[in-house]
Every structure is written in C-alpha cells, then in structure tokens.
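Trainee: I would like to learn how to read helix packing and aromatic pairs in a model. Where do we begin?

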Amino acid sequence: MFIIRNRWLPPRRYTAINLFGVLFCRRNTKISDDTINHERIHTAQLLEMGVVFFYIWYVIEWLIRLPMRGNAYRNISFEREAYLNMYNDRYLRHRRHYSWLKYLRRK
C-alpha cells in the first residue's frame, strides 16, 4: 500500500485515511500493521465496487445511519467489515468479493 505522510490529512482525530487506495497519515503518526490491514480491506472494497460507487454508497449509508442509535461511522458496513477483520492478517487472502454486504444489517 502506498503511504503519503503530510500535514493536512487525515483530520486530527483519525490515524489514517484511505483515498482512492492511497493511505494518508500525519507526518509523525505511527501506523500499525493492523491499521494498514484495515485500510487494505477498504482498498479491496473500493476496487470491487469501483471508486465512484464506493464513495457514493459510503456517504449514503452514513447518512442513513446518522439518526440510528450508535456511531454512524462505525456502523457503516464497510467500516464494520474492516474493524472486525483488521487483526486477522490472513483475512484478505480468503475474503470473498462483496463480503461487506453481510455487515449491512443493523447491530
């Protein structure tokens, strides 16, 4: 994964942000292998959906989850898949396409 260290991205409360398959992080931030795995899961999601559809779906799902109980960001299906599997370094080897769909259900 290509990593760009800079002063502006991601927003301060986040460790990293994956934009178009490129990982952005602050200059002095330590990025763990688990975080890189989390972002690689997002890259797999992005590639299987296509960049435009991935971001459209992401924003629409976030908006739908805003009025629901809990954290809208953490409840997005893409994020649920990535957070629940980021500690499994073998996950991407066995992941089926569109695995994020099973995380659409409400908790």
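**Helix packing and ring pairs**

Mentor: The axes of α2 and α4 cross at roughly 95° and come within 9 Å. Keep in mind that this is a predicted model.

Trainee: What describes two packed helices?

Mentor: Two packed helices are described by the angle between their axes and by the distance between the axes. Angles of 65 to 115 degrees count as roughly perpendicular, and α2 and α4 are therefore roughly perpendicular to each other.

Trainee: Which residues of α2 and α4 make the contact?

Mentor: From α2 come Phe 54, Trp 57, Tyr 58, Glu 61 and Arg 65, and from α4 come Ser 77, Phe 78 and Glu 79. Sorted by class, the contact of α2 with α4 has four nonpolar, three charged and one polar residue.

Trainee: How many of the residues of α4 are buried?

Mentor: Seven of the nine residues of α4 are buried, so α4 is largely enclosed by the rest of the structure. The buried ones are Ser 77, Phe 78, Glu 79, Arg 80, Glu 81, Ala 82 and Asn 85. Those buried residues pack against α1 (33–49), α2, α3 (72–75) and α5 (91–94).

Trainee: Now the rings. What describes a pair of aromatic rings?

Mentor: A pair of aromatic rings is described by how far apart the centres are and by the angle of the planes. The structure holds ten aromatic pairs. In one of them, Tyr 58 and Phe 78 have ring centres 6.1 Å apart and planes at 5°, so the pair is stacked. The cut-off behind that word is planes under 30 degrees apart.

Trainee: Which helices hold Tyr 58 and Phe 78?

Mentor: Tyr 58 lies in helix α2 (residues 51–65) and Phe 78 in helix α4 (residues 77–85), so the pair ties together parts that are 20 residues apart in sequence. Tyr 58 is buried, with a relative accessible area of 19%, and Phe 78 is buried at 0%.

Trainee: Is the pair of Tyr 98 and Trp 100 stacked or tilted?

Mentor: The ring centres of Tyr 98 and Trp 100 are 6.4 Å apart and the planes are at 55°, so the pair is tilted. Tyr 98 counts as partly exposed at 38% relative accessibility, whereas Trp 100 is buried at 2%.

Trainee: Which residues do ring pairs link into a cluster?

Mentor: Phe 20, Phe 54, Tyr 55, Trp 57, Tyr 58, Phe 78, Tyr 98 and Trp 100 are linked into a cluster by ring pairs.

Trainee: What lies over the face of Tyr 83?

Mentor: Arg 74 does, at 3.7 Å from the ring centre of Tyr 83.

Conventions: Residues numbered from 1 in each chain as written. Predicted model: local features only at pLDDT ≥ 70, side-chain atom pairs only at ≥ 80, totals over all residues. Heavy atoms only, no water. Phe/Tyr/Trp six-rings, centres within 6.5 Å; stacked < 30°, edge-to-face > 60°. Helix = DSSP H or I, 4+ residues; strand = E, 2+ residues; numbered from the N terminus. Buried < 20%, exposed > 50% of the residue type's maximum accessible area, 1.4 Å probe, protein only. Lys NZ or Arg CZ within 6 Å of the ring centre and 35° of its normal. Axes fitted to C-alpha atoms, helices over the stretch in contact; angles between N-to-C directions. Parallel < 35°, antiparallel > 145°, perpendicular 65-115°, else oblique. Contact = heavy atoms within 4.5 Å. Nonpolar A, V, L, I, M, F, W, Y, C, P; charged D, E, K, R; others polar.
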